[in-house]
Amino acid sequence: MKIKTMMTVAGSDSSGGAGIQADIKTATSLGVFATSAITSITAQNTMGVNAVYDLSPEAVASQIDAIMDDIPPDAVKIGMVSSAEIIKTIADHLKHYCGPVVVDPVMVATSGSPLLREEAEAALKELLLPLATLITPNIPEAEHLLSTKITSVEEQEESAKKMADAYGVSVLVKGGHGTGEAVDIFYDGSVHRFEKPMLDNPNTHGTGCTLSSAIASHLALGYSAEEAVKLSKEYVFDAIADGLNLGHGHGPIHHMVRR
């Protein structure tokens, strides 16, 4: 029996709602076999991030190489990478990979805790984003990457175009941080708008990780980028709507929601 595979390169979330754990649950739910290379170990829960412990670049490289040598993935998702050294290592060990790469430029956790060190930002822009097939910043991350404010859907569209031009990638600017409709803008040379109503549920921990790993999983399954984004947004919507309620802060969504 053969099954499509997706490798996630990201940090571990001890609460299980985001990071590597969310990526593996997402891929499994979508019928894709997940492999992983852990970049950092976080001590966190629904209330926030208490500590971040980076693995050595050598440890990250060994994990990537082990997977590439034995179970080469049909798609790669890159999430939390907090140091410039680890970013350089990932870029170097994936530079010959020809499959789709989804990069979620994780800078701040849902709780507001910073996850990307200042010195790593230049490496992210220079080495990691151009490596991607598709990047998935939310509005605050897009604002940070472009050093500008985004206050409307029109500005959201313009920011997607600017990042696509700057990094030579397709761009999904997630709009879930707004009010009313959750409008995501996908730009791949043409503008595609995906809209869902905002749900009355504060438990959205890990939605960014989940969306990007769902997109990578759908790409592994052979869907086009536009189809992968559409199907992944529907999956995340269902996982939020299912109403899982764990912890005392921003709780996780239900990755194994029945569809």
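These notes cover helix packing and ring contacts in a predicted model.

1. Helix pair α2 and α3. Helix α2 spans residues 57–70 and helix α3 spans residues 84–94. Their axes come within 9 Å and cross at roughly 25 degrees. Angles under 35 degrees count as roughly parallel, so α2 and α3 are roughly parallel to each other. The crossing is right-handed.

2. Residues between α2 and α3. From α2, the contact uses Pro57, Val60, Ala61, Ile64, Asp65 and Met68. From α3 come Glu85, Ile86, Thr89, Ile90, His93 and Leu94. By class, the residues of this contact are eight nonpolar, two polar and two charged.

3. Helix pair α7 and α8. Helix α7 runs over residues 207–220, and helix α8 over residues 225–241. Their axes lie 8 Å apart, at an angle of about 140 degrees. Roughly antiparallel needs an angle over 145 degrees, so α7 and α8 are classed as oblique to each other. Their crossing is right-handed.

4. Residues between α7 and α8. The α7 side supplies Thr207, Thr210, Leu211, Ala214, Ile215, His218 and Leu219. The α8 side supplies Ala225, Ala228, Val229, Leu231, Ser232, Lys233, Tyr235, Val236 and Ile240. This contact divides into 11 nonpolar, four polar and one charged residues.

5. Rings. Which residue lies over the face of phenylalanine 237? Lysine 196 does, at 4.8 Å from the ring centre. As for aromatic pairs, the structure holds zero.

Terms used:
Residues numbered from 1 in each chain as written. Predicted model: local features only at pLDDT ≥ 70, side-chain atom pairs only at ≥ 80, totals over all residues. Heavy atoms only, no water. Phe/Tyr/Trp six-rings, centres within 6.5 Å; stacked < 30°, edge-to-face > 60°. Lys NZ or Arg CZ within 6 Å of the ring centre and 35° of its normal. Axes fitted to C-alpha atoms, helices over the stretch in contact; angles between N-to-C directions. Helix = DSSP H or I, 4+ residues; strand = E, 2+ residues; numbered from the N terminus. Parallel < 35°, antiparallel > 145°, perpendicular 65-115°, else oblique. Left-handed = near helix turned anticlockwise from the far one by under 90°. Contact = heavy atoms within 4.5 Å. Nonpolar A, V, L, I, M, F, W, Y, C, P; charged D, E, K, R; others polar.
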